[in-house]
Amino acid sequence: MELKNPLLAVSDLERSLAFYESVLGLRVVLDFGANKTLTGGLCLQTLETWQEFIGTDQVSFGGNDAEVYFEEDRFDQFAERLKSLPIQYVHPVKEHPWGQRVVRFYDPDRHIIEVGEHMTAVCRRFLDGGMTPEEAAARMDVPLDYVRECMR
């Protein structure tokens, strides 16, 4: 068994493509008309064909019960650029207890998108801020070997 791609049904494929390109920098790598695969493997499917596939018109958006997760090495620049874009936040940038900064927002169909600081960047931020590897491991709740790997 192999997971291939997450797929999101979208009400307006062109609007969603424009969103994912302008906000996240994704681009189309496979174009099957009503289904497009973007860099990173995310697939967008037209709502009409999705309804045909599953045999119902009972599709709802905005359930706040799942998300598509991305990581960004240059998190500060991304978060700053996001402020200039017309998006609706689930929440602004916040820091989780393990030190990772994240932001969540909605795509045009109210699918939740999370962009988090890459965990190796979190580790580097802590080490550059003066923490020892042991302190960084404790703060991040990760094994010391993970911190040492991030140092390479």
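This is a predicted model: local features need pLDDT of at least 70, side-chain atom pairs count only at pLDDT 80 or more; totals for chains, interfaces and linings use all residues.
Student: How many aromatic pairs does the count come to, and which rings link into a cluster?

Tutor: The count of aromatic pairs comes to two. Ring pairs link into a cluster the residues Phe19, Tyr20 and Phe105.

Student: Is the pair formed by phenylalanine 19 and tyrosine 20 stacked or edge-to-face?

Tutor: The ring centres of phenylalanine 19 and tyrosine 20 are 5.1 Å apart, and the angle between their planes is 85°. Planes over 60 degrees apart count as edge-to-face, so the pair of phenylalanine 19 and tyrosine 20 is edge-to-face.

Student: Are phenylalanine 19 and tyrosine 20 buried or exposed?

Tutor: Phenylalanine 19 has a relative accessible area of 9%, while the value for tyrosine 20 is 0%. Because buried means under 20% relative accessible area, phenylalanine 19 is buried, and tyrosine 20 is likewise buried.

Student: Which residue lies over the face of tyrosine 106?

Tutor: The distance to the ring centre of tyrosine 106 is 3.8 Å. The residue lying over that face is arginine 110.

Student: How many disulfides does the count come to, and why is cysteine 123 in no disulfide?

Tutor: For cysteine 123, the nearest cysteine sulfur belongs to cysteine 150 and is 4.0 Å away. A disulfide needs sulfur atoms within 2.5 Å, so cysteine 123 is in no disulfide. Across the model, the count of disulfides comes to zero.

Student: Are cysteine 43 and cysteine 123 buried or exposed?

Tutor: The relative accessibility of cysteine 43 is 6%, and that of cysteine 123 is 0%. Since the limit is under 20%, cysteine 43 counts as buried, and cysteine 123 also counts as buried.

Definitions and conventions: Residues are numbered from 1 along each chain as its sequence is written. Side-chain values use heavy atoms; hydrogens and water are left out. Rings of Phe, Tyr and Trp (its six-membered ring) pair if their centres lie within 6.5 Å; planes under 30 degrees apart count as stacked, over 60 as edge-to-face and the rest as tilted. Buried means under 20% relative accessible area, exposed over 50%, partly exposed in between (1.4 Å probe, protein chains only). A charge sits over a ring if NZ of Lys or CZ of Arg is within 6 Å of the ring centre and within 35 degrees of the ring normal.
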